[in-house]
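Reader: I am new to reading protein structures, and I would like a close look at a single part of this one. Could you take me through the core and then a few residues elsewhere, slowly and with care?

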Amino acid sequence: MKVNIGVSARHVHVTKEDLKTLFGEQFSLTKKVDLSQPGQYACNEQVILKGPKGTIERVRILGPERSKTQVEISKTDSFTLGIKPPVRNSGDLKGASEITIIGPKGSVTKEAAIIASRHVHATPMDAKKYGFEGKEFVKVVVKGQKPGILENVYVRISDDFSFEVHLDTDDANAFLINNGDEAELVVE
C-alpha cells in the first residue's frame with residue numbers, strides 16, 4: 001500500500017506554563033501554517049535550543065499547546081548540542097536529555113529532548129483497510145535513487161490522524177526523501 005511521507009524537522013512542543021516563561025504572561029501561539037495532521041500547525045514563534053556543547057537557533061514551535069514540553073531533534077542535531085537523547089515515541093520522555101529552551105522573555109531547562117521514533121499516523125479505518133489493525137510495527141519501503149527498507153516503524157492509530165509516515169531529517173536525507181514523497185507500507 002502506498003503512503004505519503006512527512007519529513008519532520010527539529011521542533012518544540014510547549015506547555016502553557018512554559019510558553020508564558022518563554023514569551024510572557026499573556027502570550028498565545030500564532031499559526032503560521034497548518035501541518036498535514038488535522039489540528040496541528042507550525043507557529044510563527046521560534047526558540048533557541050542550548051546544550052552543553054552548542055546552540056541551534058530559530059527552532060519552530062508546533063501548536064497547539066501540549067501537556068508536556070517536548071523537543072524533537074535529529075541525531076545530527078544532538079552532536080551540535082552535545083546531548084544524547086533517546087529514540088522515543090512522541091510523548092514518552094523517559095530518559096529524555098536535558099536541554100535549555102530560550103525564548104525572548106525567559107528560558108526553561110528540563111529533560112525534554114528526544115529523537116522521535118519513525119512512525120505511521122493512521123485512523124482506525126486506515127488500519128483495518130490496509131491490514132495493520134492490531135500491529136505495533138510495520139516496514140516502509142522507499143524507492144528512488146537510494147532505495148531501502150525502514151524497519152520497526154511504529155504504528156500510531158487515532159481518529160484524529162491523517163494517513164502518513166513521519167521520518168526525521170536524518171532518515172529522509174539518508175534515503176534522499178523529500179516531504180510528500182511516496183513509500184510502500186509492508187505489513188508482516
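**The largest nonpolar core**

Author: In this predicted model, the largest nonpolar core holds 22 residues, and those that touch the most other members are V12, V47, L49, I61 and V71. Two or more residues come to this core from each of α1 (16–23), β4, β5 (55–63), β8 (97–102) and β9 (107–116), and it is β4 that gives the most, with four residues. To see how one member sits among its surroundings, consider I61, which, once its neighbours within four places in sequence are left aside, is in contact with V12, V14, F23, L29, Y41, A42, C43, E45 and V47. Apart from this core lies another one, of 20 residues, among them A122, V142, V153 and A172.

Turning now to L35, you will find this residue in the loop between β3 (31–34) and β4 (41–50), where L35 counts as partly exposed because its relative accessible area is 34%, between the limits of 20% and 50%. Beyond its neighbours within four places in sequence, L35 is in contact with Q40, Y41, A42 and L62.

E164, by comparison, has its place in strand β13 (residues 164–168), and E164 counts as buried because its relative accessibility is 9%, which is under 20%. Leaving aside neighbours within four places in sequence, the contacts of E164 include V3, N4, I5, G6, S36 and Q37, and with Q37 there is also a polar contact from side chain to side chain, at 3.4 Å. Finally, although E164 and T123 are 41 residues apart along the chain, their C-alpha atoms are separated by 10 Å.

Conventions
Residues are numbered from 1 along each chain as its sequence is written. This is a predicted model: local features need pLDDT of at least 70, side-chain atom pairs count only at pLDDT 80 or more; totals for chains, interfaces and linings use all residues. Side-chain values use heavy atoms; hydrogens and water are left out. Buried means under 20% relative accessible area, exposed over 50%, partly exposed in between (1.4 Å probe, protein chains only). Contact means heavy atoms within 4.5 Å. A polar contact is a pair of N or O atoms within 3.5 Å; within protein, one must be able to donate a hydrogen and the other to accept it, and residues adjacent in sequence count only if both atoms are side-chain atoms. A nonpolar core is a set of buried Ala, Val, Leu, Ile, Met, Phe, Trp, Tyr and Cys residues joined through side-chain atoms within 4.5 Å.
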